[in-house]
Amino acid sequence: MKTLIHPTAVIHPNSELHPTVQVGAYAVIGANVKVGADTIIGAHAVIEGPCEIGVGNQIFPGAAIGMEPQDLKFVGEPTWVRIGDRNLIREYVTINRATGAGEATIIGNDNLLMAYVHVAHNCVIEDSVIIANSVALAGHVHIESRARLSGVLGVHQFVHIGKHAMVGGMARIDRDVPPYMLVEGNPGRIRTLNLVGLKRSGFDSNELQLLKKAFRILYRSSLSFKEALEQLESLGDTETLQNLRRFLLLSQMPGRRGLIPGRGRVSGSDES
């Protein structure tokens, strides 16, 4: 099984690699790194600890995982990167450890991070997320499952991006993106529902009709934010609408960035 590790790779004796892990030429794996079964680590990749990586991941050449955060508040406290299963982490992706003792930067399962993606400290990426090339996530960004981020865009720190949302390329995302919506532009604006993505994810016609009504209430009416939430209540109590309402309310809580505005109306306390 030692033939799975290239002779030029540097593996710290205090790391823990499952016997089925493959490590390419000149890769460096530091102390306190744990890698699960059937994970492939490409040539020249660098992984520093503390870091936990699950099973069936593929880490491509040049990726740098577990480096210290690019955060002046970091003073060497023990923090983590935790990566789940079956992720594709492409060339030159960087994933930094968290700031704050015991905190972690977290990548879930079945995600695709394309080349040159940067994931800063304390980010959370849930499951089945696709992030295209050269996307930069600032600290404490949270991306919910099945969101899609197109290439060459930036996401401000503490922004949340909801489930099944789609962000267009070269956008500037400085506030929360509600689930199911499509955002594009600089500054970013909600344009419409992510209908193509929702259909591909198996949303049926009834769910789509409810979301269309919700979109019109939120972004094509003259209702205040409070009035719009009350109208959403009248549409029903499906899981999809519950998730949307919950996201909208949480976006107004302290520590959150507030809602990214739509093209035609006020979102939350915004005036645009």
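Reader: Where is Pro 187 placed?

Author: Pro 187 sits in the loop between β26 (181-184) and β27 (189-193). Those labels come from DSSP runs, numbered from the N terminus: helices are H or I runs of at least four residues, and strands are E runs of at least two. Before we go on: this is a predicted model, where local features need pLDDT of at least 70, side-chain atom pairs count only at pLDDT 80 or more, and totals for chains, interfaces and linings use all residues. Residues are numbered from 1 along each chain as its sequence is written, and side-chain values use heavy atoms, with hydrogens and water left out.

Reader: And what is the peptide bond from Asn 186 to Pro 187 like, cis or trans?

Author: Here's the general idea: most residues other than glycine have a negative phi, and most peptide bonds are trans. The bond from Asn 186 to Pro 187 is cis, with omega near 5 degrees. Gly 49 to Pro 50 is another cis bond, with omega near 0 degrees. You'll find Pro 50 in the loop between β7 (46-47) and β8 (51-53).

Reader: What is Ala 138 in contact with, apart from its neighbours within four places in sequence?

Author: Ala 138 contacts Ala 120, Cys 123, Val 155, His 156 and Gln 157. Ala 138 is in the loop between β19 (136-137) and β20. From Ala 138 to Asn 87 there are 51 residues in sequence and 20 Å in space, C-alpha to C-alpha.

Reader: On to the strands. In what order do the 8 strands of the open sheet come?

Author: The order is β2-β5-β8-β11-β14-β17-β20-β23, with parallel pairing. Two strands pair if DSSP finds at least two bridges between them. β2 (16-17) and β23 (160-161) are the edge strands, each pairing on one side only.

Reader: How many bridges join β7 to β10?

Author: 2, and the strands run parallel, with β10 covering residues 64-67. Val 46 is opposite Ala 64 in β10. β10 also pairs with β13, again in the parallel sense, over 3 bridges; there, Met 67 faces Asn 96 in β13.

Reader: Now helices. At what angle do α3 and α4 cross?

Author: Two packed helices are described by the angle between their axes and the distance between the axes. Axes here are lines fitted to C-alpha atoms, for helices over the stretch in contact, and angles run from 0 to 180 degrees between N-to-C directions. The axes of α3 (residues 225-235) and α4 (residues 239-250) come within 10 Å and cross at roughly 165 degrees. That makes the two helices roughly antiparallel: the cut-offs are under 35 degrees for roughly parallel, over 145 for roughly antiparallel, 65 to 115 for roughly perpendicular, and oblique for the rest. The α3 residues in the contact are Phe 225, Leu 229, Leu 232, Glu 233 and Leu 235, and those of α4 are Leu 241, Arg 245, Leu 248 and Leu 249.

Reader: And how do α2 and α4 pack?

Author: α2 (residues 205-219) packs on α4 at about 25 degrees, with the axes 10 Å apart. These two are therefore roughly parallel. Glu 207, Leu 210, Leu 211, Ala 214 and Leu 218 of α2 meet Thr 240, Leu 241, Leu 244 and Leu 248 of α4.

Methods:
Contact = heavy atoms within 4.5 Å.
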